[in-house]
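Student: I have a structure open and would like to talk it through. Could we go over it piece by piece?

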Amino acid sequence: MEQVIRARRFLAAILLLCAPLSTRAAEQPSEYQVKAVFLLNFVKFIEWPASAFARADSPVTICIWGKDPFGETLDRTMAGEVVNGRRVVATRITRAPSPRSCQVLFLETWEKEAAKAVSGLGPGVLTVGEGRDFLRNSGMIAFSVEDRRVRFDINRTAAERASLKLSSKLLSVARNVEQ
Amino acid sequence: MRPFRDIPIRQKLMLIVMVTTGAAMLFAATGVVALDSFLFRNSLRRDLSSLAQIIADNSTAAAAFSDERSAAETLNALRARPHVASACIYLVDGTMLAGYSRAGETDTCPAARGSNELRFGSSGVTVSQAIVLSGRRVGTLMLFYDLGEITERIEVFGAIVLGVLLMSSVIAFLLSSRLRSIIATSISQLVSASRSVSETNDYSIRARKVSNDELGVLADRFNEMLAGIQSRDDTLRAALRDREEALHDAETARERFRFMAESMPQKIFTATPRGDVDYFNQQWTEFTGLAFKAIQNWGWTQFVHPGDLKANLDQWRHSLETGEPLLFQRRLCRADGEYRWHLSRVHPMRDEQGAISMWIGSDTDIHEQKEKEQELRLANEDLQQFAYSASHDLQEPVRNVTIYSEVISRRYQRVLDAEGLQFLGFLTEGGRRLATLINDLLAYTRAGVLESETAPVNSSLVLEMTLSSLAEAIRESGASLTYDSLPEIAMSEAHLQQVFQNLIGNALKYRREERPQIHISAVREDGGWRFSVRDNGIGINPLYKEKIFGVFKRLHRNDKYSGTGIGLAICQRVVERYGGRIWVESEPRRGATFYFTVPETTPRIPSRPVDSAAGGGQSS
């Protein structure tokens, strides 16, 4: 008996030592934490035309238009990230963005006004939203939750119309790719 | 089991070849296997790490978006590599995104590791590869490669190596059995040759030379050695045969010598170079009545007359030292005690190098001869004595005859008629000639007497004295007389004067019409002096060269050259008394030269001196 107790104590000590890693692994990430990471990962698999940026060293800016479901998670995720020599920053906007100020535009809810504004922005803006309807309204990537897992669908035609090059790897992990 | 060094060379060679080949093959095979496994590991390492990289690269999106389906699809591509037993993709938080295991197996995936690594284990290789997206790690690929392939490879290699070993051993065996005969034949040739030589002692046997290598050289040397032994053997046999023949010859020669020595009337003996007498013939033992043992070596001295022994020994030792032959007269004691005179001659026998190998001596009995000689000498001496005293005693009456015939012719000249005076003249002349004759005879007998002591005499002085006594005759003839300086010699003054007087007198007497020219000289000769008296007179017919030295021998009638015919006889007697010689060289009408020699030392020939009356007689 005593041996069993000792073994358990030893195991507990090891678990304690590995605490930072195990707690993170054990702790199930929230939906928007995952979505924040996905947003960052999209940047890594997509190529923007040079005209999409104001300057050569302009950061890749992720703009949250309207309601912000991420909170500070988004900022934490993007902190210090650099993709293809450009920093990745997140910003919240309440009005339609000016051209070349946003490379990724996240809209939690699709509105007519927003669609009008987006089409006015010209090429070089990736639109990310929620639900499959988003794609029917010329959105490019739409999150959805399936079996408590975050997935996404891609409207490839819309993305290509916006002069964005989507990596085949990205396409291979999408749940659906609409042509 | 026999030690290696004792097994036959044939097997040794086989063993060496097999062991060498086996070792070389084993080493080579080990090397090949080791190199192959090294190269295989290296290529496997490269192969596996590139495989892992490709899969990790293809899994970036799957890992980034936690897409299990896509990850599983990527991993399924590993089906093409049957040795990949299992593979997994882990996310950064440690959860497994997708797993793969070989069909029909349920291998569990290795746990995720932090770093890129490739670890060889006992059963396989574990590969850990990070999945990186834009410099950030998004997951880990783990891969387990089962090493069954290596084992298979080693098995195949082992089988090949074993096969090659076996094959090469068989080939080496076959080849070496052919090759070793090359060496083994040479050696067995040598062995069989040496065996038959030692068994038969026949040195004409030769080993057959099979090759030109060291064994060929060995065979040549062996054969040369045999040839050397053979020739030495032959030489030895020949030498033995020669020696036997020489011994036989020597034996024959010895027998012949013995037989010769025994059959001789003389007494024969031989002595060693040191003078030990080692042989006496039978005549000796018969004569002395002593056994050989008693007289051998120096035992002979016991039968030599004590009066002769010392001189005998001295001369014998002298001969032994110098190697000169010995000639000696001695008296030897006969068995009945009587001493008999013997002439003893001993000669050295020399070998090829000139060293004395032995002495051979003979003794001849000269007793009879010696006695006769003695008798003769005594008779001669008696005769001489008689002649001396006769001529001495005759002088007186003859002188009376001469004197009184002269007295008569002076005093009674007128009384006697012419015929009587003529008869008286014949008487006076005859008396005078008789007196001269008697004087000469006296001189002749006196010439035979050798004075006991002969002091050296200056011959020049003697010559001058002679010339002064001949002064009258020289003056009358008008002769010219010359002479060289003459030596001192061992001769009695009177004797030398006699010789000079006769020779010079003859030269003056037997002259031709012209003025006589006479020259006296002396030259040194072996062992003495040679005198010569040369004239330019009538000379002597060579027919009479010897005759003229006889007593009363005259070549001319009395009326032409007066003389008694005794002068040259006196000269010969004197010269021979001193051991010299006298002779003449001449041609008729060309003059004559008389020579006589005087030895340095006069041999003392023992002779009984003429009675002391001789000396007295002369003075009276």
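Predicted model: local features only at pLDDT ≥ 70, side-chain atom pairs only at ≥ 80, totals over all residues.

Student: What about chain B, and which of its elements have the lowest and highest values?

Tutor: Chain B averages 83, and 93% of its residues score at least 70. Helix α15 (residues 613–619) of chain B has the lowest mean pLDDT among the elements of that chain, 34, while strand β15 (residues 528–534) has the highest, 92. Over residues 603–620 of chain B the pLDDT stays under 50, and the model has 15 contacts beyond four places in sequence for them.

Student: How many helices and strands are there in chain A?

Tutor: Chain A has 8 helices and 10 strands. Of its 179 residues, 31% are buried. Taking contacts in chain A between residues at least 6 apart in sequence, 55% join residues at least 24 apart.

Student: Moving inside, how many residues are in the largest nonpolar core?

Tutor: The largest nonpolar core has 76 residues, and L126(A) and I89(B) have the most contacts inside it. Helix α3 (residues 31–45) of chain A supplies the largest share of this core, 8 residues. Another core, of 41 residues, lies apart from it; A443(B), I518(B), C571(B) and V598(B) are among its members.

Student: Which residues is I89(B) in contact with?

Tutor: Leaving aside neighbours within four places in sequence, its contacts include S59(B), A62(B), L75(B), L97(B), I131(B) and L141(B).

Student: I noticed V83(A). Where does it lie, and what does it touch?

Tutor: V83(A) lies in strand β3 (residues 82–83) of chain A. Not counting residues up to four places away in sequence, V83(A) touches V43(A), K44(A), V60(A) and V88(A), as well as S134(B). V83(A) and V43(A) are 40 residues apart in sequence, yet 7.3 Å apart in space from C-alpha to C-alpha.

Student: Why is V83(A) classed as partly exposed?

Tutor: V83(A) is partly exposed because 19 other C-beta atoms lie within 10 Å, whereas a buried residue needs 20 or more.

Student: Now helices. How far does α9 of chain B reach?

Tutor: Helix α9 (residues 367–411) of chain B has 45 residues and reaches 65 Å from its first C-alpha to its last, close to the 66 Å expected. A kink of about 30 degrees lies at Q395(B), shortly before the proline P397(B). In this helix, Y388(B), S391(B), V398(B) and S405(B) are buried.

Student: And which residues of α13(B) are buried?

Tutor: The buried residues of α13(B) include H495(B), L496(B), F500(B), L503(B) and I504(B). Helix α13 (residues 493–509) of chain B has 17 residues and reaches 24 Å, close to the 24 Å expected.

Student: Last topic, backbone angles. What is phi of D147(A), and is the residue buried or exposed?

Tutor: Phi of D147(A) is near 50 degrees, a positive value in a residue other than glycine. D147(A) lies in the loop between β7 (141–146) and β8 (149–155) of chain A. D147(A) counts as exposed, because it has 5 C-beta neighbours inside 10 Å.

Student: Where is N297(B) found?

Tutor: N297(B) is in the loop between α7 (292–295) and α8 (306–322) of chain B. Its phi is near 55 degrees, again positive in a residue other than glycine. N297(B) is partly exposed, with 14 other C-beta atoms within 10 Å.

Note on methods: Residues numbered from 1 in each chain as written. Chains lettered and ligands numbered in written order. Core = buried A, V, L, I, M, F, W, Y, C linked by C-beta atoms within 7 Å. Buried ≥ 20, exposed ≤ 12 C-beta atoms within 10 Å, placed from the backbone. Helix = DSSP H or I, 4+ residues; strand = E, 2+ residues; numbered from the N terminus. Contact = placed C-beta atoms within 7 Å. Expected span 1.5 Å × (residues − 1). Bend = angle between axes of the 7 residues up to and from the residue. pLDDT = per-residue confidence, 0-100.
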